[in-house]
Amino acid sequence: MSASNTQFTSKIGLIAATVGSAVGLGNIWRFPAEAQAGGGAAFLLVYVLCVIVLGIPCMLAEFSLGRQGGTDAIGAFARVQPRQKGWRWAGALSVVTAFLISVFYMVVAGWTLEYLWQSLSGGLFEPQDGLAPGYDLFVAKERQYVASGFRPLCFTLLMAVVNMGILLGGVRKGIERLSNLLMPLLFVLLIIFSIVSLTLPDAGEGLRFFFSPDFGKITPRVILSALGQAFFSLSLGMGILVTYAAYYPPQTRLARTATTVSVLDMLVAVLMGVIIFPAITSFGLSDHGIEGTTLVFVTLPEVFLRLPATWLWSSLFFLLLSIAALTSTVSILEVSVRTLQDRLHLSRRRAVMSVMVPIFVLSGICALSFGPLAHVEIAGRNIFNFLDFLTAEIMLPVSAICICLFVGWFVPDGMLKRQLTNDGTLRSYVAGAALFIIRWVAPLLIFLVLISPLL
Ligand code: PHE
């Protein structure tokens, strides 16, 4: 592999790849559900504040650690601070977290691919067991596509094969090229859907829910869930940004990149709100469920059914979802691939295969969590839900706290500032404030998120 294949080549390419990682199912289906539960506009407001005040500084911590280290997420800790060997465990935690997330995220990505296929082939809207297209049919289809044994397994494996192909292409020819192609398409699709949604009858009612805040709804719980959502959505604490920043050229302006990525990521979440809330209020579907899979697999197909060219809208939407899922899965797998390449000195090809073989097996098992393996429970949850809980609620916050503490207190003096100013060649107005947040505010607030289920 040529050396140049380990660096992003263009500014647009590196932004597209990083935004591609950040924009995932977290924005598209977790955000609207969280926003609905948190009172719409009230949640949105807190979320935006969390991204700006905490998310961007934490992203800068990961970027500077990654670029300073110039290697994988474990090696970055070791290289930046060779005297304190214990910190590499923090790196190891982020790599393990990333790997476990990829195990179950691949399954969700597989569902999106199946729905894309079923939309294109028309299967999703085909009557079955005497049920005409509508709520009951979509619930039945969801059970079939998500909870049967064979189908989810096939599509999960298919998604893993696609990921493998891209990862084998390397950073520039695989990841960057894919992102350059798909991210503009994703934004075009979002804009088309926003226009469709805004022109529906009574769109205003849904928009009011989403945009006019009722400050009384801002409770500590809403604040903590907005913070958790902001961190997940920006791909923080997973080693992804540390890994990607190692591929940034020295002249990349980290503060500008973090701001652009965060704003685009927020924009996608906001556009999803603009799409979903008018659509469901306009068709009187607000009480049909906006929680997780129900929103995407039942309520939205009901919306498409009420639009002319149902097939087209459904296909385009699941294409959007598959793109979002793919650019995220690739980024999270890259964390493990890079780690094997740099820690064990494996070739790219070997590293990719060493990550993908366990993924085929473990994601394959996980794909059966709602079907044949539904009875297998860990801590009262099926395999899929257990992995989701373990990573999102425990490992991610711990890993994010470790990165903040490391960059805030333990790296050589002035590292953050040097990274933000590209070794003094730029002016940085934010380094001081960012350091303060990374040292004090972020670890404390993330700790609150971590213990919030106990409160
Ligand atoms: N930011 C991603 C999202 O919103 C989080 C993620 C990235 C999850 C990569 C898995 C893999 O979905």
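## Cavities

A search of the whole structure finds 2 cavities of 30 Å³ or more. On a 1 Å grid over the protein atoms alone, a cavity is a set of points where a 1.4 Å probe fits but cannot get out, and lining residues have an atom within 4 Å of a point. Grid points are joined across faces, edges and corners, and a volume is the space filled by probe spheres set on the points. The model is predicted: local features need pLDDT of at least 70, side-chain atom pairs count only at pLDDT 80 or more, and totals for chains, interfaces and linings use all residues. Residues are numbered from 1 along each chain as its sequence is written, and side-chain values use heavy atoms, with hydrogens and water left out.

The largest cavity holds about 130 Å³ of space. Its lining consists of 16 residues, with Ser-21, Tyr-105, Ser-235, Met-238 and Ser-328 nearest the centre. Two or more lining residues come from each of α1, α2, α5, α9 and α13 (helices are DSSP runs of H or I with at least four residues, numbered from the N terminus). The largest share, 4 residues, is supplied by α13. By class, this lining has 7 nonpolar, 9 polar and no charged residues; Ala, Val, Leu, Ile, Met, Phe, Trp, Tyr, Cys and Pro count as nonpolar, Asp, Glu, Lys and Arg as charged, and the others, Gly among them, as polar.

The second largest cavity has about 90 Å³ of space. Residues lining the second largest cavity include Phe-193, Leu-200, Ile-275, Phe-304 and Phe-317. The elements α7 (150–198), α11 and α12 each give two or more residues to this lining. Its classes are 10 nonpolar, 1 polar and no charged residues.

The ligand takes up the space of the largest cavity, where a molecule sits in a cavity or pocket if more than half of its atoms lie within 2 Å of its grid points. The shell around the ligand draws two or more residues from each of α1 (11–22), α2 (25–37), α5 (88–121), α9 (220–233) and α13 (310–343). There are 16 residues around the ligand, and Ala-22, Gly-26, Tyr-105, Phe-232 and Ser-233 come nearest (a residue is near a molecule if one of its heavy atoms lies within 4 Å of it). The shell divides into 8 nonpolar, 8 polar and no charged residues.

Polar contacts are pairs of N or O atoms within 3.5 Å. A polar backbone atom of Ala-22 is 2.8 Å from a nitrogen atom of the ligand. An oxygen atom of the ligand lies 3.2 Å from a backbone N or O atom of Leu-25. The side chain of Tyr-105 has an N or O atom 2.7 Å from an oxygen atom of the ligand. Taken alone, the ligand exposes 320 Å², of which the protein buries 100%; accessible areas come from the Shrake-Rupley method with a 1.4 Å probe.

## Pockets

A pocket is an open set of grid points with protein on both sides within 12 Å along at least five of seven lines. The largest pocket contains about 1300 Å³ of space. Of its 44 lining residues, Arg-30, Glu-34, Asp-388, Ala-392 and Glu-393 lie nearest the centre. Elements that each supply at least two residues include α6 (135–147), α12 (292–305), α15 (383–410) and α17 (431–451). The lining has 27 nonpolar, 9 polar and 8 charged residues.

The volume of the second largest pocket is about 240 Å³. Among the residues that line the second largest pocket are Lys-11, Arg-253, Arg-256 and Thr-260. At least two lining residues come from each of α1 and α11 (254–282). By class, the lining of this pocket has 3 nonpolar, 6 polar and 3 charged residues.

How values were computed:
Polar contact = N/O pair within 3.5 Å; in protein donor to acceptor, adjacent residues only side chain to side chain.
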